[in-house]
Amino acid sequence: MDLASNLGGKIDKSDVLTAVEKYEQYHVFHGRNEEERKANYTDMVNKYYDLATSFYEYGWGESFHFAHRWKGESLRESIKRHEHFLALQLGIKPGQKVLDVGCGIGGPLREIARFSNSSVTGLNNNEYQITRGKELNRLAGVDKTCNFVKADFMKMPFPENSFDAVYAIEATCHAPDAYGCYKEIYRVLKPGQCFAAYEWCMTDAFDPDNAEHQKIKAEVEIGDGLPDIRLTTKCLEALKQAGFEVIWEKDLAKDSPVPWYLPLDKNHFSLSSFRLTAVGRFITKNMVKILEYIKLAPQGSQRVSNFLEQAAEGLVDGGRREIFTPMYFFLARKPE
């Protein structure tokens, strides 16, 4: 029932179907191109998260991201370790001011704040996610040390040299321009301090002339609110162009003992992450269909479920073919 009542975020329930139609029209399956998505990225990404957040929270919990995973490790354990790894790489110390760029509802923000005893600000341009995040901060008891700011990460409302560390987890892939986003992060980061991120990228194995590769890329873009998916090399170039010194970078998916896409793989079954399995998604899809039919969920809910399912299939196919990664990691430093 929480899934049904929260679906659509801040969009009026009577307007959900219209919002779904407008969102779908941004993507290649509906005749739009990459440049149009980039020009309208704020509206596109906001509509996406208004429509998809309740599904994400229902399936993933509070942290909406994948993780490098060891054998014998649960999905939840791997997600926490993935966040701790980021904090350790940044060397976050107690009391430091940290910025989470594109923070979602704040799952990683709360985990990293408690793990490092730091003060984390979450930057997000989606009103519904911020409202939800503030409530979860209060429930977790971190509302005195952690906060949210509603703003576009291409135009951050912070003075220069404001933060001791900055990170982004599968978020800056929504930026229409990697250089412009990284340049803003560079501006608000203190000299000598570091920026770390997990980026969604196409790998060197991606062939732009391969129709199947392009289909997979388009499925991920429509199902995950992306204007475009950049190559790993393009992210690296943008970092250096923005002024960062790259300390190290690596696609962490390459040596993950458990494939990152396993939770979404239709051939995989797990009780601990049941809602993400093929059976769990089938039940959710039909539950949403029933709730929409009896008008407990807004009209258009089923179509949101459908494009998220399309994204899951694209992600698994992209992962199997090794043409896509959700965890291209880099640690970069702003010179003194």
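This is a predicted model: local features need pLDDT of at least 70, side-chain atom pairs count only at pLDDT 80 or more; totals for chains, interfaces and linings use all residues.
How much space lies in the second largest cavity? About 40 Å³.

Residues are numbered from 1 along each chain as its sequence is written, and side-chain values use heavy atoms, with hydrogens and water left out.

The chain has 12 helices and seven strands. Those are DSSP runs numbered from the N terminus, H or I of at least four residues for helices and E of at least two for strands. Of the 336 residues, 59% count as buried, where buried means under 20% relative accessible area with a 1.4 Å probe and protein chains only. Take the contacts in the chain with a separation of 6 or more: 76% of them are between residues 24 or more positions apart. Contact means heavy atoms within 4.5 Å.

Now the spaces. On a 1 Å grid over the protein atoms alone, a cavity is a set of points where a 1.4 Å probe fits but cannot get out, and a pocket is an open set with protein on both sides within 12 Å along at least five of seven lines; lining residues have an atom within 4 Å of a point. Points are joined across faces, edges and corners, and volume is the space filled by probe spheres set on them.

There are two cavities of 30 Å³ or more. Nonpolar here is Ala, Val, Leu, Ile, Met, Phe, Trp, Tyr, Cys and Pro; charged is Asp, Glu, Lys and Arg; the others, Gly among them, are polar.

The largest pocket has a volume of about 370 Å³. Its lining has 20 residues, with Thr203, Asp251, Ala253, Lys254 and Glu322 nearest the centre. They divide into nine nonpolar, four polar and seven charged. Strand 6 (245-251), helix 12 (301-320) and strand 7 (324-333) each give at least two lining residues, and strand 6 has the largest share, at three.

Helix 12 also packs against helix 2, residues 16-24: their axes come within 9 Å and cross at roughly 30°. That makes the two roughly parallel, a label for angles under 35 degrees. Axes are lines fitted to C-alpha atoms, for helices over the stretch in contact, and angles run from 0 to 180 degrees between N-to-C directions. From helix 2, Leu17, Val20, Glu21, Tyr23 and Glu24 meet Arg303, Val304 and Phe307 of helix 12.

Next, helix 6, residues 107-116. Eight of its 10 residues are buried, including Arg110 and Glu111. Among the elements covering them are helix 5 (75-90), strand 1 (97-101) and helix 7 (127-140). Asn117 follows helix 6, with a positive phi near 55°.

Is Glu199 buried or exposed? Glu199 is buried, at 0% relative accessible area. Leaving aside neighbours within four places in sequence, Glu199 has contacts that include Thr172, Cys173, Tyr182, Cys235 and Tyr328. Cys173 is 26 residues from Glu199 in sequence, yet their C-alpha atoms are 6.3 Å apart.

Notes. Angles under 35 degrees count as roughly parallel, over 145 as roughly antiparallel, 65 to 115 as roughly perpendicular and the rest as oblique. Buried means under 20% relative accessible area, exposed over 50%, partly exposed in between (1.4 Å probe, protein chains only).
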